[in-house]
Amino acid sequence: MITQTGYPSIDKPWMKFYSPKCKEIDIPKCSLYENIWNNNKEHLSDIALHYFGTKITYGKLFDMIRIAEGRARKLDIKRGDKIGFISLYTPEMIALFYALNKLGAVCCMMDPRTAPENLSKYIKSADIKCLFIQDACIDIIDKVLSIIEIKKAVVLSTCASMEFPKKQLIYMKMHKKYSKSYIRFEKIDYEKIVDTETKPTDVGGQPAVVCYTGGTTGESKGVLLSNENINSVVEQ
């Protein structure tokens with residue numbers, strides 16, 4: 001008989017509800033980027049994303065990731081840096097997310113609907129090195145910048161992957177909001193990363209993402225998740 005410690009995190013009482021097959025699943029110990037690459041490198045022509053009528057294959061997505069990595073390197077983003085996101089889930093944002101994961105940065109995912117005062121607290125407490133913002137959220141960021149200073153604020157386009165004429169109409173609307181204080185991500189010069197393959201790593205336990213709770217029992221809190229945490233959801 002197994003002795004119970006009384007600590008759920010150690011005893012894991014929920015495991016009794018899972019079959020032996022489920023308990024034997026080997027969760028990938030690699031980075032999120034390695035996981036998506038290993039599972040799709042033989043399916044580059046398959047569709048990865050649908051975005052307002054645009055179909056993006058895995059081959060195209062990995063190409064976007066290489067470009068995003070090149071631009072992230074130009075921003076001097078390194079392993080362990082805390083990078084903030086106040087954005088929508090556009091193809092460019094997704095590609096950048098995986099590029100940053102490949103570099104070993106920690107992505108702090110902030111809900112654009114959050115009050116500027118709380119966003120400022122998140123940015124300060126996480127010591128954000130660079131903040132990526134959606135052009136659709138610039139009005140919110142203007143308020144955040146009036147509360148706290150941000151080292152680097154980079155704007156992501158909402159319409160970059162849209163089809164014409166919707167792309168042109170939304171670009172004209174969003175472009176008027178751009179300020180000289182913001183860096184436009186698509187305008188950053190970069191050296192395109194040629195190598196897509198990565199050497200096998202054991203970074204499952206390394207931090208990858210910070211998500212923020214709903215705050216139903218008090219103030220919203222940042223929850224640090226590892227590569228393995230998220231890979232386990234993918235496997236499920």
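I230 counts as partly exposed because its relative accessible area is 22%, where partly exposed lies between buried (under 20%) and exposed (over 50%), using a 1.4 Å probe and protein chains only. Please keep in mind that this is a predicted model, in which local features need pLDDT of at least 70, side-chain atom pairs count only at pLDDT 80 or more, and totals for chains, interfaces and linings use all residues. Residues are numbered from 1 along each chain as its sequence is written, and side-chain values use heavy atoms, with hydrogens and water left out.

**Around I230**

- I230 sits in helix α9, residues 227-235; helices (H or I, at least four residues) and strands (E, at least two) are DSSP runs numbered from the N terminus.
- Setting aside residues up to four places away in sequence, I230 touches L32, V209 and L225, with contact meaning heavy atoms within 4.5 Å.
- K102 lies 128 residues from I230 in sequence, and the two are 14 Å apart in space, C-alpha to C-alpha.

**The nonpolar cores**

- In soluble globular proteins, nonpolar side chains tend to be buried together.
- The largest nonpolar core here has 37 residues, and F85, L100 and F132 touch the most other members; such a core is a set of buried Ala, Val, Leu, Ile, Met, Phe, Trp, Tyr and Cys residues joined through side-chain atoms within 4.5 Å.
- Elements that each supply at least two residues of this core include α3 (32-40), α4 (58-74), β3 (82-86) and β5 (130-134).
- Helix α5 gives the most to this core, with nine residues.
- Beyond its neighbours within four places in sequence, F132 is in contact with residues including L75, I77, F85, L100, V154 and F185.
- There is also a second, separate core of 21 residues, and L131, V144, A153 and V155 are among them.

**A surface patch**

- W14, F17 and Y18 make up a nonpolar patch on the surface, with about 380 Å² of accessible area together.
- W14 is placed in the loop between α1 (8-11) and α2 (20-23).
- W14 counts as partly exposed because its relative accessibility is 40%.

**Cysteines**

- A disulfide is a covalent bond between the sulfur atoms of two cysteines.
- Searching the whole structure turns up zero disulfides, taking a disulfide as a pair of cysteine sulfur atoms within 2.5 Å.
- C159 is buried, at 2% relative accessibility, whereas C22 is partly exposed, at 39%.

Terms used
Patch = residues over 30% accessible without salt bridge, like charges linked within 9 Å, V, L, I, M, F, W, Y side chains within 5 Å. Areas by Shrake-Rupley, 256 points an atom, 1.4 Å probe, with all protein chains shown as cover. Salt bridge = Lys/Arg side-chain N within 4 Å of Asp/Glu carboxyl O.
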